[in-house]
Amino acid sequence: MERRTSQRRKVAALMQPKAPIITRKRRRSSSPVHSTGETAGNEIAGDFFYWMPDDLVLTILSKLSSTASHPSDFINAILSCKRFRFLCVTKPVLSRASVRVLAVKAKNWSDSAHRFLWCCCMAGNLNACYMLGMIRFYCLGNRLTGISLLAKAAIGFHARALYSLAIIQFNGSGGSKRQKDLQAGVAFCARAASLGHLNALREFGHCLQDGYGVRQNILQGRRCLIHVYYNEITGEVRTDKEPHPVNVFMADWFAQRPGTLEKEDLRLCSNKGCGRPETRMYEFRRCSLCGTVNYCSRACQAMDWKISHKMRCTAGLVRLRFPAAFPAVAAIGGGGGDGGAVEQAAV
């Protein structure tokens, strides 16, 4: 009986399905020598990094893209490994990229840099929309796509994009002189000024004071200008601060391509921190006293007058040497075209 029961158990065991055998590949070591304690610890740390969840890595990379002080910091993270290369170009990371990460130099401009800025724009980065819009509108000559990117940034309440659209409307950039829209320019200036852009507030104050594109209101215009001058005196607005990277890009772009503007008799804005070029002849305001400088806006005229043109302009030298003999010149303040009225109203 015992022999029969044992045979039945063997037959029942053979009839049962066999479980699949799981084999695991062992990681091939780089050297035949057995790993020490230090190398074993490194392997364990590498395994922990490999199994780190993607949402935690995305949080770290988003913080890096928003706080990096140079584009190379973010590029080094992209080149670290395949996983970083994939996660660094995702929407949560590119949408938070700071201005310093997006600061491309004119000498390093290439299709890959253009593609990177475009990917940031598609991710919803307003700074990338503003910078690529300015580059396309003024440097590459793509007026339609450039102004559409600026409009996309302006819809997201980007103050610099709103002010740039105001300058385009005031000057009729990219079109003829008849295509100026003063009311639209005043509306963009008012919106940018409400977001804290002081140059827009200065422009809006002069528009109110002179009745330029809006009903004249001298008292309210003077209040806006006083607010700007107060911020300048208290040091909140520094004239020696570094300009925006896109303004540096435009200035270097045309400096490295001499003859591009001279062929069409166009000039750059004389304010060193601006870099905007003319899109047609005699688009910008010129100094009515010396005629050697021109400006895209009254804010650039006022800024350059305080920094350098005050000492170089003929009227400025006369005012410094003979202030009592030329009170009218002292009142004008070396403005150009409409800029002359700017300084006179400011005084």
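**Helix geometry, helix packing and loop residues**

Helix α13 is followed by G211, a residue with a positive phi near 70°. In this predicted model, α13 spans residues 198–210 and comprises 13 residues. The distance from its first C-alpha to its last is 18 Å, close to the 18 Å expected at 1.5 Å a residue. The helix is mostly covered, with ten of its 13 residues buried. These buried positions are A200, L201, R202, E203, F204, G205, H206, C207, L208 and Q209.

A bend of about 70° is located at W305 in α16. W305 itself belongs to the buried residues of this helix. The others are R298, A299, C300, Q301, A302, M303 and D304, together with S308 and H309.

Packing between helices was examined for α9 and α15. Two packed helices are described by the angle between their axes and the distance between the axes. For α9 (residues 126–139) and α15 (residues 245–255), the angle is about 25° and the axes lie 10 Å apart. Because angles under 35 degrees count as roughly parallel, α9 and α15 are therefore assigned to that class. The crossing of α9 past α15 is right-handed. On the α9 side, the residues that meet α15 are Y130, M131, M134, I135, Y138 and C139. Their counterparts in α15 are P245, V246, F249, M250, W253 and F254. An α-helix has 3.6 residues a turn, so residues three or four places apart point the same way.

Positive phi values also occur in loop residues other than glycine. F157, which is not a glycine, has a positive phi of about 65°. F157 is placed in the loop between α10 (143–155) and α11 (159–171). For Y282, likewise a residue other than glycine, phi is positive and near 60°. Y282 lies in the loop between α15 and β1 (285–286). Because its relative accessibility is 57%, Y282 counts as exposed.

A further loop position is M52, situated between α2 (37–50) and α3 (54–67). M52 has a relative accessibility of 26% and therefore counts as partly exposed. When neighbours within four places in sequence are left aside, M52 is in contact with V57 and R83.

Terms used
Residues are numbered from 1 along each chain as its sequence is written. This is a predicted model: local features need pLDDT of at least 70, side-chain atom pairs count only at pLDDT 80 or more; totals for chains, interfaces and linings use all residues. Side-chain values use heavy atoms; hydrogens and water are left out. The bend at a residue is the angle between axes fitted to the seven residues ending there and the seven starting there. Helices (H or I, at least four residues) and strands (E, at least two) are DSSP runs, numbered from the N terminus. Buried means under 20% relative accessible area, exposed over 50%, partly exposed in between (1.4 Å probe, protein chains only). Contact means heavy atoms within 4.5 Å. The expected span of a helix is 1.5 Å times one less than its number of residues. Axes are lines fitted to C-alpha atoms, for helices over the stretch in contact, and angles run from 0 to 180 degrees between N-to-C directions. Angles under 35 degrees count as roughly parallel, over 145 as roughly antiparallel, 65 to 115 as roughly perpendicular and the rest as oblique. A crossing is left-handed if the near helix is turned anticlockwise from the far one by less than a right angle, and right-handed if clockwise.
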